[in-house]
Amino acid sequence: VIIDEFTGRMMDGRRWSDGLHQAVEAKEGVTIEPENQTLASITFQNYFRLYPKIGGMTGTAATEAAEFWDIYKLNVVTIPTHVPVKRIDEDDEFYKNQDDKFGAIAKSIKEKQELGQPVEVLNARYHEQEAHIVAQAGRLGAVTIATNMAGRGTDIQLGGNVEFRIGDELSEMEDGPEKDSAIEKIKREVSEEKERVLAAGGLFVLGTERHESRRIDNQLRGRSGRQGDPGLSRFYLSLDDDLLRIFGPQTMFARLMNKNLADGEAIVSPWISKAIETAQKKVEARNYDVRKQVVEYDDVMNDQRKVIYEQRADIMDSTTVGDVVVDMRAETINSIVGEACPPNSYPEQWDVPLLKERVAQVFGIEPPIDDWMKEEAVEPDMLVDRLQALADAQVEEKAAQLPEESYIQLEKSVLLQSLDQHWKEHLSMLDALRQVIHLRAYAQKKPIDEYKHEAFAQFERMLTAIREDVTHLLAVGQFNWGQQEEELPEIPDFITHHIDPFTGEDDSADIDAATGTVMSRLPPLQMDRPEMPSDLALDAPLSRNAPCPCGSGRKYKHCHGQI
């Protein structure tokens, strides 16, 4: 399972492509699963555009206002907070290397904990537990280490969260005076603890690294100082952090810090914080360009997606699709004739062998095309009309062999299967095209324009292939509607018997204790049986396993005692 590097979440169902996921599975010694095939794809942007009205509310949209307008044509309005924000957002502390940074973080956490000020360290796998853990991050002296995704949507209340504490501590207690008393006790404890946390300065949010997006940093700061409570936020940075390492290793700032900054010494300056924000803006601009480019490429597919999905919906909703099939057959014949007999050409220039080959390939018929070509005033339209008549007659003959309702369902099934199969292949082709189209830039061509041209040509070929595939299947397919009952071979009458391995006796007619019936449904071997003496006197009931008194040599149960 892939783990999201930014959120720490498990992304079930996601797989890398081009064999990368299979290579990782082989390396880790787990079962190698086959490559996923894309059945449908859409970007978030085009998905949201499907709604007639869109809107939303978030605490960090101001930094992305330009993108909201460019993509969705939505304005961003900043609403003031209900009560003034008392949180203090301190400038970042910069250290020479990562070891110095984490040493300063540990020292700061220890100082705040001694004061009783709760600390949340933000750098999430157990989603169900996250909310309960983060909800109590505002308790006195608490130190909570979390990712930027952990406990999203959970309000961190100073002194602790009453509802979560009641749920965690009193879940197994039955309702009654005892539980009511325990709830009141928790409320008093939370109220008293809140006063002590307020006196200590509120929640201290400590960030170990700046994110690529200012929006995420603002979210992290916003966990402290909620509803007018006091709070404090500070980020600890070093030259080893990803943001600084990728976007500014050779800057004047980096060289100055390496030469003039002693080990363990920190720099705190608004100017440096501004420089970091500038680097973040560069990253945001780059990420926005990537997202915008993805939307531009998906817009090309989006137009094709609408055509295919509308056509599919029409097929599903239609009672009969006979008209669609007839149109496809006519367009296929026009395409075949047009390929072999180009417009504004003489009959001597036509590719008659290709025409015969394509007609036989698609329709499975061999019309007298050579005889038609000997006629006077041969025109492509004449060939189209005659081929159309032959193809219609062929299909009508097949349709007459099936019930009308069954043939309607058959046409719809063939249409949907062909449409889905070719659309899946088309998506794979566009994915492959998307991976290599950037190489056209070396020829001084704009990749997006080349992609539009290639994708449109590929879409036209796909539609032609769908029409030809449906026409071919209905023309040459052999359809047997309903199951034919197979005649079972006659089984000869066998006379079976079973010999007891211990006694050598034939016990085929024994009564089975479980079912109460004879073990063999067929009679045992027929053997002569002497008559029972009429003057036979028995002192006790005869055992069924005893020799029969008639003198046959068999057991009583297999002779005169047989049921």
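1. Glu454 and Arg440 form a salt bridge whose closest N and O atoms are 3.1 Å apart, a salt bridge being a side-chain nitrogen of Lys or Arg within 4 Å of a carboxyl oxygen of Asp or Glu. The pair links distant parts of the chain, with Glu454 in helix 17 (residues 447-476) and Arg440, 14 residues apart from it, in the loop between helix 16 (404-436) and helix 17; helices are DSSP runs (H or I, at least four residues) numbered from the N terminus. Glu454 counts as partly exposed because its relative accessibility is 24%, and Arg440 is partly exposed at 28% (buried means under 20% relative accessible area, exposed over 50%, partly exposed in between, with a 1.4 Å probe and protein chains only).

2. On provenance, this is a predicted model in which local features need pLDDT of at least 70 and side-chain atom pairs count only at pLDDT 80 or more, while totals for chains, interfaces and linings use all residues. Residues are numbered from 1 along each chain as its sequence is written, and side-chain values use heavy atoms, with hydrogens and water left out.

3. Glu284 forms a salt bridge with Arg214, the closest N and O atoms lying 2.9 Å apart. This pair also links distant parts of the chain, Glu284 belonging to helix 11 (residues 270-317) and Arg214 to helix 8 (residues 214-221), 70 residues apart. Glu284 is buried because its relative accessible area is 11%, and Arg214 counts as buried at 19%.

4. Arg87, Asp89, Asp92, Arg210, Asp217 and Arg221 are linked in a network of salt bridges. Within the pair Arg221 and Asp92, the closest N and O atoms are 3.9 Å apart, and both residues are buried.

Terms used. Helix = DSSP H or I, 4+ residues; strand = E, 2+ residues; numbered from the N terminus.
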